[in-house]
Amino acid sequence: MNPAPNLILIGPMGAGKTCIGRRLAERFTLDFVDADQAIVDAAGASIATIFELSGEAGFRQHERQMLQGLLAGHGQLISTGGGAVLDADNRQAIATRGFVVYLRVSVAAQLERLARDRTRPLLQRPDREQVLLDMAAVRDPLYQSLADLTLDTDLYTPADATAQLVLRLASQWQRLDIPHE
């Protein structure tokens, strides 16, 4: 049993963090927070606009600040952006403040799931497959190092992935409730 105040989903884009996260949050009566959407809401601009105006480094700064604030809370299911693990401070905070579930997905499944997506700045290139392969090479070891639990989502519908995770979480995660001050 690994007690933690939050449940945190990590993994690459297209793994199902938001879709599966909403379902898991409902099942465990947690507040669902999509970190990327929280950044958009706080900045008043889309991720694409933040990238355009501030570059990836500027976006990562927004991401770091948002995650630090979110992870200070408890009773949440936090769906992180795929690149959140690139920052060492983010990794430390994620590991300290949550039970971490790595939703793994193959590049082939990502290409299929993200085929019509035009909102992700890092994929707005003709060589999408190579971009995803390069990201996986860097990020997969980071995801693995943080994961308390890993689920391959390639072969599951969101409902089936959620059911698998509910069973596994019941035996591996103890929700650490922090009294309100």
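**A parallel sheet and its neighbours**

Phe 32 has Leu 77, in E4, as its bridge partner. The structure is a predicted model, in which local features need pLDDT of at least 70, side-chain atom pairs count only at pLDDT 80 or more, and totals for chains, interfaces and linings use all residues. Residues are numbered from 1 along each chain as its sequence is written, and side-chain values use heavy atoms, leaving out hydrogens and water.

E3 and E4 run parallel and are joined by four bridges; two strands pair if DSSP finds at least two bridges between them. Helices (H or I, at least four residues) and strands (E, at least two) are DSSP runs, numbered from the N terminus. The open sheet holds five strands in the order E3-E4-E2-E5-E6, with parallel pairing. At its edges lie strand E3 (31-34) and strand E6 (149-152), each pairing on one side only.

Helices also meet this sheet. Helix H2 (residues 35-43) packs on the sheet and touches E3 and E4, where contact means heavy atoms within 4.5 Å. The direction of H2 makes about 70 degrees with that of E3; axes are lines fitted to C-alpha atoms, for helices over the stretch in contact, and angles run from 0 to 180 degrees between N-to-C directions. Helix H7 (residues 158-172) packs on the sheet too, touching strand E2 (6-10), strand E5 (99-104) and E6. The direction of H7 makes about 165 degrees with that of E6.

Finally, a loop residue. Asp 87 lies between strand E4 (76-79) and helix H4 (88-97). Asp 87 counts as buried because its relative accessible area is 17%, and buried means under 20% (1.4 Å probe, protein chains only).

Notes. Buried < 20%, exposed > 50% of the residue type's maximum accessible area, 1.4 Å probe, protein only.
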